[in-house]
Each structure stands twice: as C-alpha cells, then as structure tokens.
Amino acid sequence: MASSPGLLRLLMAFQLLFAPALIRACGQEFTCSQGWCVPPDHVCDFRNDCEDGHDEEYCSRYTRCDFEESFCDMTQSPETSGWVRTNQAPGLKHDHMGRSSAHFLSLSPVRGNKTTADLKSPVFLPSQTCQVLIRGELSAQSEASNVLAVDDLSFSPGCSAPTDISSTPPSLCPDSWFACGDGECIEESRVCDFTPHCLHGEDEAGCPTVCDFDDGSCGWFELTPGDGFDWVRGTSAEVPPHFYGYPPPLDHTTSSTEGHFMFILKNSSSLYPQAVLQGPWFRQSASGCTMTFWHYNSGISVGAANMNLRIKGDPNNTVIWRTLYDQGPQWKQTTVQLGRLTQPFQISLSKISLGVFDGVSALDDVTFSNCSMPPAVAHCPKQTHFHCTHSKACVESLRLCDLLDDCGDGSDEDGCSPELQCNFEEGLCSWTQEQSGGDVFDWTRIQGPTPTFNTGPWKDHTLGTISGHYLYIESSEPQQFKDTAVLLSRLFQPTVQRSKDPSSAHCVFRFHYHMFGSHVFCLAVYMRTTATGRGSVLWVQYGNQGNMWHRKTLYLSSSKPFQILIEGTVGDDFKGDIAIDDLSFLDCEPYEVREQCTFEGGETCGWKTVDSSVVDAHAFRWSPNQGESTHDLEQYQRPINDHTLGTPEGWYLCADSSNGGYGHITDLQTPVIASTGAQCILVFWYYMNGFTVGTLQVP
C-alpha cells in the first residue's frame, strides 16, 4: 500500500497482550501436537501456526472477531465513525486470510478532509478496568487508493467484559476444557463429537454436521491462502468465467446466484500451486458415519481433486474420494463412508494446478450423517442390548466382540476370544486358504486401495485408514471369468447339542464385505460338515454394491461339527475386486480335534465301538484295559506294559478274543473329524500276539 510519509498513521492508544498460562514442554509457549512451540500471542489468532491447526482449536474462551457477520462487540464513536465492514476496498480485494469474499473493516479517506475513526473494544476487567482503542487516521491529503484495514481481532481469556461477568459467572473450567455459554465445563474429548453437550450447542458450533456455506465457512478454511490458487467462499457472480462458455454454476442449496459455496480462485501463474480446503477437527465418529457432499468439476483443464482423511498423529493421509478431470457442467452428489474412527480426524479437499487450470471446481452442501455415538442411558433391554461399562450407552448384543468399539469405551470388546475374531492386521488368524484343489487362486492381504482404479475399497474397515489390512480377490490377469478363491474357517462344535431348544440352537457369524466395480461378480458364504466340497450355501451377493463396506450377520445352526467357507468369484473384466474384513463369531465354540489319545485312566477320547447295542460284558469288543490277562493260559497274549508309560499301570485299548468266536468282528471308530488336510495322517501302535490271533485292518 503506497502512501506519502506522514500522511498515513495507525495509532494504538492502548495495547494489551494477554498470555494464557501454558506451562508445557515449551515453557510459557504453546506446544503443538508435533512438539513445535508457538508464542502465546499466536494462539487463537486465526492463523494455523501448528501444522495441524491445534493452536486454533480451543478458542471458546477467547474474545474474537473476524467481522464475517458483524462488528461483534466492537463499537465506533458517533463523532468519529467511518469504519466500514466490507469484502473489498481500493487496492485490497481479500481479507487477512486471503479470501476474496470474506469481510474486514476498512477506513477510506474523504478527499479534502482529515479522516479519523475510533474502534472501541468492550471494557475488559482482567485485574483492573481497561479498554482497547484502535484509532485510524488519514490526512486530508490522502489519495483515494489509500486505505486502512482491520481484521481478525483476538483477545485472550484474561479479558473479561463486565456485562459478561454480571450475566454469567467467570469460567472456572480447567485448561483445555471447553466453557459453555452458561458456564458449564465440557471435556475436550466431547467437543466436536457430533453430539451437543452444551445447552445451546456451543461445543458443536465450530464443526456443524450440515453446512451450505451460506452463513459462513463452518470451520472449513484454505490451508495456504494467498498463493494465488485458493479455495474461497463466494457466490456465483464471483466465480471467474472459463473457456467453456457456460455460465458459472448456481449455488446448489438455493439454485440461485445469491447462495454461497466454496470454489477455486486462481490468480497466479505459478506452475504447481496447490489449493487445500481443510474442514474442522472432529473427535470421533460412530460405525455408521458417512459424509455426503455436492461437487462441481467442469472444464477441459480443470484437473483432478482428492478428498483425504487425516487422523491426528498419523503422518499418512487416506484418500477417501477422487474425481478425475471434466465431469460436465453440473453438480454431482457423492457419499463417502467414514465409519468408526476412534481418534480425532479432519477432512480435506485438495487440488493441484498444473499451470493450465481453466475450469470450475466447487463444493457445497456438506452433511455428516449417523456420526454421533450412542447416548448414555440409565437402563438397557437386557435380552437384546449390552449396557456399556463407562459410557453407559446401549449397544445391540449382536455387536459384541465384532472388532469395533461401539460403546466408545471399549467395554463391548472386553473379554472376547481372539480365536473367534480376525481383522487381518496380523495375518489370517485361524482362517486358512483352500489347499485341496477346491479353488483356483488365493485371497490377497493388502493395505490401502487395490491396484485397479474404480474397483475395490480405498481403505480397510477396522481402522478406516490406509494403515489397516483386509483381504481381497484380484480380478485382473492371470485370473479369468468365474475363477474362485476360497477361505476356510476353523472347525466349530455342533450348535444343536449345546441348546435344549433346537429353534434357538445357533451361533452368529458377522463380517464386512466390499463389492465395488463395474464387473463385480459374486461373493458367497457356505457351511460344510464334511471334509471336502462346498456344503450348503448360507448367503450370496452378486454385482456392484457401491464403494462402501457392508455388514452382514448370519445365524448358524448345525447338528454336526461344521466349517465356514467364503468364496469370491471373478467377474468378466478387471474391475471386479471383492474385499472382506472384520470376521467374527459370537456364541460359537471351536471344535478341538484330539490330536493324541493315550487312553490313560480308561479315557477313550471319543473312540468308540461301532455297535453300541452290544451290552454283554463278555462280548468281543474294544475296551480300555491295563496289564496282562488274568485268565489262565492267556497271560502272554496281552501286553504286560502299555506303550505310553511302559508300565503295568498304563492303559490301552484291546479286543479280547476269549470273549468271541471264530469270525467275529469288532470295529473301533474315531471321533468325528469334520475336515482333513492334505498332510493329515493317522499314527498308532498295535500289539498282536497269540497262536490263533485274527487280523487287524484300517479300511
């Protein structure tokens, strides 16, 4: 801003710097999440001095004004009024943050007259009565292009106005707690968690779940303002024209030229400028959380845009949506799945110009749905719900031990058996790939997006980021149409034997699946009670189900030991990836096949004589015994010592021929073996002695 010496003066009659008491790793300075130190007078000053914006998150105790809505509590003297709230002034087309459509205060000269205007703050009472006066003065010789501007005022928590003190008690909230308008204190972890905890919702005001950008930016902001390639808030009239010849887009909310939305404003010739629109930080989200928005991306040189999920403390961003190139001159709706996020997170929309940006890229009507955690209640229906230990929320019993913290305190996942769960973070757990030739290829364990664009998930279901793992089938070559990959569970006990009521004899299998792509074919779940084959089909899904993880619950009922099979089938092109994650069983008991039986103590370990109708104690049949025979002349026909212990006290199974006649047969049957692998073998020790001993065979 050019001016003659002495013609332009900005006088501060009184200036106060109030430093909040922040005694942390940086001494008196503010400590960012990354460990950086920020001077106290830079905290809550509308600028992100921390990389993650942590210094601008908890500013409810500050008195601030960005002049977007009004003068706030700043007043002008009637005798010296002249400050004007505007979004442009001579030689100044943007506010302090570089936004062309945002507001600030300006003071312009009146030719031939000395121009003076006072801007007064409220009277503050930190320890004594004080007031800040900002005086702008322009000389009578000031040119029309000279201008004074003020924006983004911030007074620290030490500044308390008498009117505030008389109406509400002073805040007694601990550091980092949020103070509601009525003086109630809210824990930091409950601010911006999609649930209003203050009486008037002040804790969610800076991070609304619905934003049409008509009343403000709702906490969304350009990360690097002023570089000539920025996201700005404005109306249709402020959108630069592009070579297409189409009129600029109307606001999506109102379908008019008066409504506001966010769009890219380019006024730089830099070769690789980047515009990043960042949303507010949210504390956590529930498992059903989704984000819906409308986007506009039109122009041959408009380029691509990425929407990213950023988790606090994680250096890696997760892409959750992407648009490529020209999408036509119309608004398009998109819904992305956020799911259960247990750490603070932020959404950003980034766009890179390749120096030839010519088009319109815009965002409007952002809505977060089903993101709030269940509320605390006094009682839950005991038959169908679980009462969370600390959060006191009600969670469906079917969501217990499903690898997701639905309570918010983790109590619904306490005491769960790792044998019945798998999120693939450490491998396949108890699941195995089919090895007996029943499929063509194997499931693949992966992080992040699948290799082929526009098929498969962007992220896993457990963590909801690119750091998490899941399984998928790759439908590209060398796979061919209808090739299958089969995943096998462990064996489980029959459900009917464990229940007196056959109608309720079931356990539950839960899993999440993702079927996205133009050539997705089939995902099926089977139950089998034999060592080979598919068994009976429990569930099957065909075709594209959208770019979302879906939950499925199956009730399992079987009178025999059983095994679950998950089969993915390749479609007729490479855009047919199918994924699964977070597999869990509830009220199911693993079937443990006894790998060894020594028959000690007369225990048969499930081995039994086939003809159970024989009850005669002297019949020819297999039975546990020990030591040599007590019958005369048969002392040396049975072993004196068993094989296990090598002593007369050891036990074995024997069939005493003295109890049978010529040609009599006795069969010994193993316990039920529901499945066998390629390397399954049977090893046993046998003893046969006597002049007329018969035969022993294994069919």
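**Labels and their grounds**

Colleague: Why is C394 called partly exposed?

Modeller: The relative accessible area of C394 is 23%. Buried requires under 20% and exposed over 50%, so C394, at 23%, is partly exposed. Please note that the model is predicted.

Colleague: How do you know that C394 and C380 form a disulfide?

Modeller: The criterion is a pair of cysteine sulfur atoms within 2.5 Å. For C380 and C394 the S to S distance is 1.8 Å, and therefore a disulfide joins them. The torsion about this S-S bond is -110 degrees, and the link is left-handed.

Colleague: Is C380 buried or exposed?

Modeller: C380 has a relative accessible area of 14%. Since the limit for buried is under 20%, C380 is buried.

**Further disulfides**

Colleague: How many disulfides does a search of the whole structure find?

Modeller: The search of the whole structure finds 12 disulfides. One of them is formed by C192 and C207, whose sulfur atoms are 2.0 Å apart; the criterion asks for a distance within 2.5 Å.

Colleague: What makes the disulfide of C192 and C207 left-handed or right-handed?

Modeller: The torsion about the S-S bond decides: for C192 and C207 the value is about -100 degrees, so this disulfide is left-handed. The pair links distant parts of the chain, 15 residues apart, with both C192 and C207 in the loop between β13 (185-186) and β14 (210-211).

Colleague: What values place C522 and C654 in the buried class?

Modeller: C522 has a relative accessible area of 6%, and C654 has a relative accessibility of 10%. Each value meets the requirement of under 20%, so both residues are buried.

**Aromatic pairs and charges over rings**

Colleague: How many aromatic pairs are counted, and what makes the pair of F261 and W331 edge-to-face?

Modeller: The count comes to 23 aromatic pairs. In the pair of F261 and W331, the centres are 5.6 Å apart and the planes are at 85 degrees. F261 and W331 are both buried.

Colleague: Why is the pair of F293 and W321 called edge-to-face?

Modeller: The ring centres of F293 and W321 are 5.1 Å apart, within 6.5 Å, and the planes are at 80 degrees, over 60, so the pair is edge-to-face. F293 in strand β19 (residues 290-301) and W321 in strand β21 are 28 residues apart, and the pair links distant parts of the chain. F293 and W321 are both buried.

Colleague: How do you know that R64 lies over the face of F46?

Modeller: R64 is at 4.1 Å from the ring centre of F46, and the distance criterion is within 6 Å. K312 likewise lies over the face of W281, at 4.6 Å from the ring centre.

**A surface patch**

Colleague: Why is M688 called partly exposed?

Modeller: M688 has 38% relative accessibility, between the limits of 20% and 50%, so M688 counts as partly exposed. M688 is in the segment after β41 (668-669). With L682, F684, Y686, V693, L696 and V698, M688 forms a nonpolar surface patch with about 680 Å² of accessible area together.

Methods:
Residues are numbered from 1 along each chain as its sequence is written. This is a predicted model: local features need pLDDT of at least 70, side-chain atom pairs count only at pLDDT 80 or more; totals for chains, interfaces and linings use all residues. Side-chain values use heavy atoms; hydrogens and water are left out. Patches are made of residues with over 30% relative accessible area and no salt bridge: like charges are joined within 9 Å, nonpolar side chains (Val, Leu, Ile, Met, Phe, Trp, Tyr) within 5 Å. Accessible areas come from the Shrake-Rupley method with a 1.4 Å probe; for residues, only the protein chains shown count as cover. A salt bridge is a side-chain nitrogen of Lys or Arg within 4 Å of a carboxyl oxygen of Asp or Glu. Helices (H or I, at least four residues) and strands (E, at least two) are DSSP runs, numbered from the N terminus. Buried means under 20% relative accessible area, exposed over 50%, partly exposed in between (1.4 Å probe, protein chains only). Rings of Phe, Tyr and Trp (its six-membered ring) pair if their centres lie within 6.5 Å; planes under 30 degrees apart count as stacked, over 60 as edge-to-face and the rest as tilted. A charge sits over a ring if NZ of Lys or CZ of Arg is within 6 Å of the ring centre and within 35 degrees of the ring normal.
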